Amino acid sequence: MIIGGEVDALWDCKPTKQEDAVNWVELKTSAEIKDEREKLKYERKLLKFWIQSFLLGVPKIIVGFRSKDGVLERLEELDTASIPNMVKRHGNRTWDGNICINFTADFLNCECSQD
């Protein structure tokens, strides 16, 4: 199985040594969170942000929060690895990173064993 994806930007310069990690960064947008309904919607978006960046090895996500008029209100820098714990501690626990990873591993093991 092959996974591919596009990444938005580099956080700094690309390393000169091939074995050094590249500090990729993913850029995302979301509506400004005004109420509990929008908080829940953002938490679900975080799952998509996290899994995409996790699978591609992107360590950082920058989220731009916009007004209803589309004007950038603020930026938030997220460490990809910390998103599941952030949702667990401060969110509504709509998803769990361990469950997502375990399900994916079981699914891939099942798919691979059928070949």
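Select F54 to start: this residue sits in helix α1. Helices here are DSSP runs of H or I with at least four residues, strands are E runs of at least two, and both are numbered from the N terminus. F54 counts as partly exposed because its relative accessibility is 40%. Buried means under 20% relative accessible area, exposed means over 50%, and partly exposed lies in between, with a 1.4 Å probe and protein chains only.

Before moving on, note what is on the screen. This is a predicted model, where local features need pLDDT of at least 70 and side-chain atom pairs count only at pLDDT 80 or more, while totals for chains, interfaces and linings use all residues. Residues are numbered from 1 along each chain as its sequence is written, and side-chain values use heavy atoms, with hydrogens and water left out.

**Stop 1: the patch at F54**

Together, I3, F54 and L55 make a nonpolar surface patch of about 290 Å². Patch residues have over 30% relative accessible area and no salt bridge; nonpolar side chains (Val, Leu, Ile, Met, Phe, Trp, Tyr) are joined within 5 Å, and like charges within 9 Å. Accessible areas come from the Shrake-Rupley method with a 1.4 Å probe, and for residues only the protein chains shown count as cover.

**Stop 2: the whole protein**

Zoom out. The protein has three helices and four strands. From the N terminus on, the order of elements is β-β-α-β-β-α-α. The C-alpha atoms fill a box of roughly 50 × 40 × 25 Å along the principal axes. Of the 115 residues, 24% count as buried. The accessible surface comes to about 8300 Å², and carbon and sulfur atoms account for 54% of that.

**Stop 3: the sheet**

Color the strands. In what order do the four strands of the open sheet lie? The order is β1-β2-β3-β4, with mixed pairing. Two strands pair if DSSP finds at least two bridges between them. The edges are β1 (9-10) and β4 (72-79), each of which pairs on one side only.

β1 and β2 (residues 24-31) run antiparallel and are joined by two bridges. Select L10, then look across to W24 in β2, which stands opposite. Now bring helix α1 back. α1 packs on the sheet and touches β2, β3 (60-66) and β4. Its direction makes about 165° with that of β2. Axes are lines fitted to C-alpha atoms, for helices over the stretch in contact, and angles run from 0 to 180 degrees between N-to-C directions.

**Stop 4: the β3-β4 hairpin**

Move to β3 and β4. Seven bridges pair them in the antiparallel sense. Select R66 and find L72 in β4, its bridge partner. Five residues lie between the strands of this hairpin, and G70 takes a positive phi near 85°.

**Stop 5: salt bridges**

Show the charged side chains. How many salt bridges does the structure hold? There are six. A salt bridge is a side-chain nitrogen of Lys or Arg within 4 Å of a carboxyl oxygen of Asp or Glu.

Select R74 and E32. Their salt bridge brings the closest N and O atoms to 2.9 Å apart. R74 lies in strand β4 and E32 in the loop between β2 and α1, so this pair ties together parts 42 residues apart in sequence. R74 is partly exposed because its relative accessibility is 33%. E32 is buried, with a relative accessible area of 14%.

Next, select E38 in helix α1 (residues 36-56). Is E38 buried or exposed? At 17% relative accessibility, E38 counts as buried. Leaving out residues up to four places away in sequence, E38 touches E32, I33 and K68. Contact means heavy atoms within 4.5 Å. E38 also forms a salt bridge with K68, with the closest N and O atoms 3.8 Å apart. K68 lies in the loop between β3 and β4, so the pair ties helix α1 to a part 30 residues apart in sequence. K68 counts as exposed, at 78% relative accessibility.

Last pair: select K60 and E77. Their side chains meet in a salt bridge of 3.1 Å, N to O. K60 lies in strand β3 and E77 in strand β4, so the pair ties together parts 17 residues apart in sequence. K60 is buried, at 18% relative accessible area, whereas E77 is partly exposed, at 47%.

Finish by selecting E32, R74 and E76. Salt bridges with shared partners join these residues into one network.
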